[in-house]
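Student: I would like to learn how to read a sheet from its strand pairings. Could you take me through one example?

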Amino acid sequence: MKKTALLGLFLLMALFIFAHDHKQQQQSEPAQSDFDATTQSMSHNHHHEMGPHMHMSALRTPQTGDDHKAQELVEQARQALEKYKDYNVALAEGFTIFLPNVPQPMYHFTNWQYAVGEAFRFDPSRPTSLLYEKKGNDYKLIGAMYTAPVRFTEEQLNQRIPLSVAQWHQHINMCKPPKGKELEQLGKNPKFGLNGSIATKEECQTAGGTFVPHLFGWMVHVYPWEKTSDAIWSVERQLKDKPVAPGHNHEGMNHNQ
């Protein structure tokens, strides 16, 4: 009973932050049932360029101690993640595979308790998601994803991971299609979704869609077994990893906080 009460209090605190900072965004969040078509679209349509639906934190001038701090984080992450090379350990510890039946270049195993915790603290040993590549029926661990609330300033992000080393990203300006037009996201030149040509609220309203300013919150990937800093904090690799659609929320990773 005591553990249940504490968990309930923790969730209420997270929900309070969510409602206080982004009430309007919460009202515009689409339901999961709306995105079956978008799931396929985003899984097979990854872009390398930023475009109007991606926002990156600014790369800062290196400061004394930045490299050392970033290296310490990488070493902590590498040590903590080692056990998850066996993906069954991840599943046993509460990580859930995001859309396991949808082919993806990178699979997220997400721990919703850690996701909520990211709004309050940063712990390299407790990432929101573990990142895997699928090899037949097995999964190969390649890295982890950390998250932060969308309300965070770049200075707050810099306190977590130096912005001279790593860049965080957000998925932004998405127009959810009106009911009955979900399949249009699968076309070659879609108007809706994170690959769509619509990127403003005005255009979205004119098209009958629902505008979503921020999809999730801030995210950053780390690939701790790579050899160079650029590869460990690879921006290009991050840009390849678009979410499938809002509402799927990386299994609890809703950070519109």
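Student: Which residue in the turn of the hairpin formed by β4 and β5 has a positive phi?

Tutor: Gly 136 does, with a phi of about 65 degrees, and 2 residues lie between the two strands of this hairpin. The model is predicted, so local features need pLDDT of at least 70 and side-chain atom pairs count only at pLDDT 80 or more, while totals for chains, interfaces and linings use all residues. Residues are numbered from 1 along each chain as its sequence is written, and side-chain values use heavy atoms, leaving out hydrogens and water.

Student: How many bridges join β4 to β5?

Tutor: Strands of a sheet pair through backbone hydrogen bonds, either parallel or antiparallel. Here strands are DSSP runs of E with at least two residues, helices are runs of H or I with at least four, both numbered from the N terminus, and two strands pair if DSSP finds at least two bridges between them. β4 and β5 (residues 138-148) run antiparallel and are joined by 7 bridges, with Leu 131 opposite Gly 143 of β5. β4 (residues 129-135) also pairs with β3 (residues 107-110) in the antiparallel sense, over 4 bridges, where Tyr 107 has Tyr 132 as its bridge partner.

Student: In what order do the 7 strands form the open sheet?

Tutor: The order is β1-β6-β7-β5-β4-β3-β2, with antiparallel pairing. β1 (54-56) and β2 (96-97) stand at the edges with a single partner strand each, so one side of each is left without a neighbour in the sheet. For β1, antiparallel pairing with β6 (residues 169-176) spans 3 bridges, and Met 54 has His 171 as its bridge partner in β6.
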